[in-house]
Amino acid sequence: MIESGLSDRAGRRVTLRPVDDDNWRAVADVAPRDDQRAWVAALAARYLLLTMRSDVWNSLAVYADDTVVGHVMWGVDDDGSRWIGGMVIDAAEQDRGVGRAAVRTLAAWLGDQDGGHPVRLSYHPENAQAARLYTSLGFVPTGAMEDDELVVELLPSARG
Ligand SMILES: CC(=O)SCCNC(=O)CCNC(=O)[C@H](O)C(C)(C)COP(=O)(O)OP(=O)(O)OC[C@H]1O[C@@H](n2cnc3c(N)ncnc32)[C@H](O)[C@@H]1OP(=O)(O)O
């Protein structure tokens with residue numbers, strides 16, 4: 001389990017846990033709002049398949065207390081940079097502070113690994129919720145784009 005002692009706005013403890021025999025169905029069913037499907041998969045099931053097929057990505061279940069409320073995945077690039085992807089909080093659980101706590105928890109865990117590499121991710125420039133979240137956490141543009149998405153990074157010096 002990965003945790004930083006962070007909670008959502010209702011006081012639920014936000015943790016990241018491996019996808020296992022007990023929770024994979026709930027993780028697969030995590031779905032964004034319909035209008036967010038332009039930016040992310042319609043169901044987290046797609047990300048679970050990706051991580052099964054990929055040597056790079058690893059899926060985690062996002063929990064609020066003991067309830068699965070989201071999915072996120074992480075990977076390590078050839079240059080050592082750590083990446084976050086597939087971040088989806090279930091539509092019914094959004095705007096409660098879970099996404100912020102989950103990204104802070106994962107970025108801290110990744111950033112502490114092996115000498116302090118940057119933590120990177122990409123999002124679509126029109127995805128206002130993602131832009132506000134990542135900007136407020138200190139992610140800054142690298143200048144690169146990847147598949148129409150803005151690549152941003154959190155440098156070791158910017159981590160709180
Ligand atoms: C690397 C990637 O995977 S990029 C793709 C990101 N994922 C998606 O776009 C999927 C659909 N969206 C989601 O799953 C969620 O909305 C997320 C992950 C972007 C944010 O998760 P949430 O749990 O809803 O966010 P949370 O409640 O923690 O709010 C965090 C910040 O997001 C922003 N935010 C949240 N809701 C809104 C909203 N309705 N409008 C604008 N900004 C918002 C704010 O900056 C907010 O800051 P605050 O806590 O000071 O108010």
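Reply: Let's begin with naming: helices (H or I, at least four residues) and strands (E, at least two) are DSSP runs, numbered from the N terminus. Ser4, for instance, is found in strand β1, residues 2–7. This is a predicted model, where local features need pLDDT of at least 70, side-chain atom pairs count only at pLDDT 80 or more, and totals for chains, interfaces and linings use all residues. Residues are numbered from 1 along each chain as its sequence is written, and side-chain values use heavy atoms, with hydrogens and water left out.

Me: Is Ser4 buried, partly exposed or exposed?
Reply: Buried means under 20% relative accessible area, exposed over 50%, and partly exposed in between (1.4 Å probe, protein chains only). Ser4 has 37% relative accessibility, so it counts as partly exposed.

Me: And what does Ser4 touch?
Reply: Contact means heavy atoms within 4.5 Å. Leaving aside neighbours within four places in sequence, Ser4 is in contact with Thr105 and Ala108. Sequence distance and space can tell separate stories here: Ser4 and Trp109 are 105 residues apart along the chain, yet their C-alpha atoms are separated by 8.4 Å.

Me: How far apart in space are Pro18 and Gln113?
Reply: Those two are 18 Å apart, C-alpha to C-alpha, and 95 residues apart in sequence. Pro18 lies in strand β2 (residues 13–18) and counts as partly exposed because its relative accessibility is 49%. Not counting residues up to four places away in sequence, Pro18 touches Asn23 and Leu60.

Me: Gln113 makes me curious. Which side chain does it pair with in a polar contact?
Reply: A polar contact is a pair of N or O atoms within 3.5 Å; within protein, one must be able to donate a hydrogen and the other to accept it, and residues adjacent in sequence count only if both atoms are side-chain atoms. Here the side chains of Gln113 and Arg82 are joined by such a contact of 3.1 Å. Arg82 sits in strand β5, and with a relative accessible area of 7% it is buried. Beyond its neighbours within four places in sequence, its contacts include Leu110, Asp114, His117 and Val119.

Me: Where is Arg37, then?
Reply: Arg37 is in the loop between α1 (24–28) and α2. With 47% relative accessibility, Arg37 counts as partly exposed. Its contacts, not counting residues up to four places away in sequence, are Pro32 and Ala42.

Me: How do I read empty space in a model?
Reply: Rolling a probe the size of a water molecule over the atoms shows where empty space is left. On a 1 Å grid over the protein atoms alone, a cavity is a set of points where a 1.4 Å probe fits but cannot get out, while a pocket is an open set with protein on both sides within 12 Å along at least five of seven lines; lining residues have an atom within 4 Å of a point. Grid points are joined across faces, edges and corners, and a volume is the space filled by probe spheres set on the points. The largest pocket here holds about 1300 Å³ of space. Its lining has 44 residues, with Val40, Met87, Asn127, Ala130 and Tyr134 nearest the centre.

Me: Which element gives the most to that lining?
Reply: That's β5, with seven residues.

Me: What about α4: which of its residues are buried?
Reply: Ala130, Ala131, Leu133 and Tyr134 are buried in α4. The buried residues of α4 pack against β5, α3 and β6. Just after α4, Gly138 takes a positive phi of about 100°.

Me: Which residues come nearest to the ligand?
Reply: A residue is near a molecule or strand if one of its heavy atoms lies within 4 Å of it. Of the 24 residues around the ligand, Met87, Asp95, Gly97, Gly99 and Asn127 come nearest. A polar backbone atom of Gly97 is 2.7 Å from an oxygen atom of the ligand, and a backbone N or O atom of Arg100 lies 2.8 Å from a ligand oxygen atom.

Me: Where does Asp95 lie?
Reply: Asp95 is in the loop between β5 and α3. Its phi is near 65°, a positive value in a residue other than glycine. Asp95 is exposed, with a relative accessible area of 59%.
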